[in-house]
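Hi,

Here's the structure I promised to pass on. Have a look below, and then read on for what turned up in it.

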Amino acid sequence: MNGITILGAGSYTPSLAVTNEMMTEFIDTSDEWISSRTGIKSRYMSPDKANYEMAAKAAKAALENAGKTAKDIDFIIVSTCSPDFFYPNMACLVQKQIGAEGCPCIDINSACTGFINSLDIARNYLATGDYKTILVVSSERLSPQIDFNDRGSCILFGDGAGAVVVEYGENKPYYSILGAEGDMFEALFCKANYKPNFPKFDGNEIFKELCDTPEKQCYLQMDGKAVYKFAVDAMASAVDKVLNKSGLTIEDIDLVIPHQANIRIIQSALKKMKVDDDKVFINLQDHGNTSSACIPVALSELMAQGRLKRGMKVCLVGFGAGLTYGACIFEY
Ligand code: UT7
């Protein structure tokens, strides 16, 4: 079985820390409510950097950590659900910012599951032998999508970026389970188009559905309870399935890095997985939910803390809008 070698990781933390206390200045909430319901104490927002600039900063940090330069990169994959442009894609903008040349650049959007999907795509490209060194970046500037009048959702999310440099890993296990339940898309969405003033031709309304889109649907809309229930079941079941596929047991796993959505979701899923708390990395108290950036930011922090050691078996697990889910197990 051949997988991947993560050569290095990096992250970018935006400049503005927004504490729960600061949230009480514009919505009816409290530190006590947010902390006890979500585990989040603070999150970062990026008032001064576009998403592609955050992505490029994380990418440069990952290259440095991996001991590589932009010229070594022969493929760039960016996962984001909050791009600055419809086109070009973020990966092309990152390519320009870091000074990589000519390599293919693609964006992936599977919302918060984006990093796990992107790593899987990287692994498959590496297995073909067509590419040697792939940069995977997950970057999210969710703050412009947030409805700051909606106290049920605005307290959860933050901005951030994480990146890894990956190469082929000979004789290194890699197993994954990916999936989606598109019929649940209304549980978490943000519409891309809002065109209230579209012209009428010959009296005919065109793109009526776009014209009729309520403005609030162009901000993040969430059925928190539906997402919560899906998340607990989907994460536990994805880990169970990927363990079965690998022939490993949860005792064989050294580290679990879950999507950092809500401490209660993580704890409930962990209980179903029967995994010890001390194997699980949590940083949502400081970052909130940064969507697809959560997991590579966690990888970067774990490396900086010296907690990732070669040979460790790591399990990533996440879920997100779609609704999507995924889990993978690899050897670091
Ligand atoms: O990457 C995926 C992203 N999404 C998620 O992970 C969301 C998953 N869902 C959740 O994390 C939880 O459902 C929430 C944290 C969003 C909400 O927690 P909950 O325990 O499901 O609360 P709730 O929606 O049932 O609301 C309970 C009460 C309500 O008041 P009433 O109707 O009981 O009087 C809400 O209006 O809490 C109220 N409430 C708040 N109160 C203070 C909702 N948000 C807030 C708030 N501060 N920020």
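A quick word on residue classes: Ala, Val, Leu, Ile, Met, Phe, Trp, Tyr, Cys and Pro count as nonpolar, Asp, Glu, Lys and Arg as charged, and the others, Gly among them, as polar. On that scheme, the shell around the ligand splits into 12 nonpolar, 7 polar and 5 charged residues.

Before the rest, some ground rules. This is a predicted model, with local features needing pLDDT of at least 70 and side-chain atom pairs counting only at pLDDT 80 or more, while totals for chains, interfaces and linings use all residues. Numbering runs from 1 along each chain as its sequence is written, and side-chain values use heavy atoms, leaving out hydrogens and water.

Now the ligand. There are 24 residues around it, and T29, R37, K225, N262 and N289 come nearest (a residue is near if one of its heavy atoms lies within 4 Å). A polar side-chain atom of K225 is 2.5 Å from a ligand oxygen. For the side chain of N262, the distance from an N or O atom to a ligand oxygen is 2.8 Å, and for N289 it is 2.9 Å. On its own the ligand exposes 960 Å², of which the protein buries 74% (Shrake-Rupley areas, 1.4 Å probe).

Where does the shell come from? Domain 1 (2-172) and domain 2 (175-184 + 220-331) both contribute residues, so the ligand lies between them; the bounds come from an automatic or database domain assignment. Helices α2 (31-38), α6 (151-154), α8 (224-246) and α9 (263-273) each supply at least two shell residues, with α8 giving the most, at 4. Helices here are DSSP runs of H or I with at least four residues, and strands are E runs of at least two, numbered from the N terminus.

- Y87 and P88 are joined by a cis peptide bond, omega about 5°; P88 sits in the loop between β4 (75-79) and α4 (90-98).
- G322 to L323 is also cis, with omega near -5°, and L323 is in the loop between β14 (313-320) and β15 (324-331).
- A111, not a glycine, has a positive phi near 55°.

Cheers

Terms used
Polar contact = N/O pair within 3.5 Å; in protein donor to acceptor, adjacent residues only side chain to side chain.
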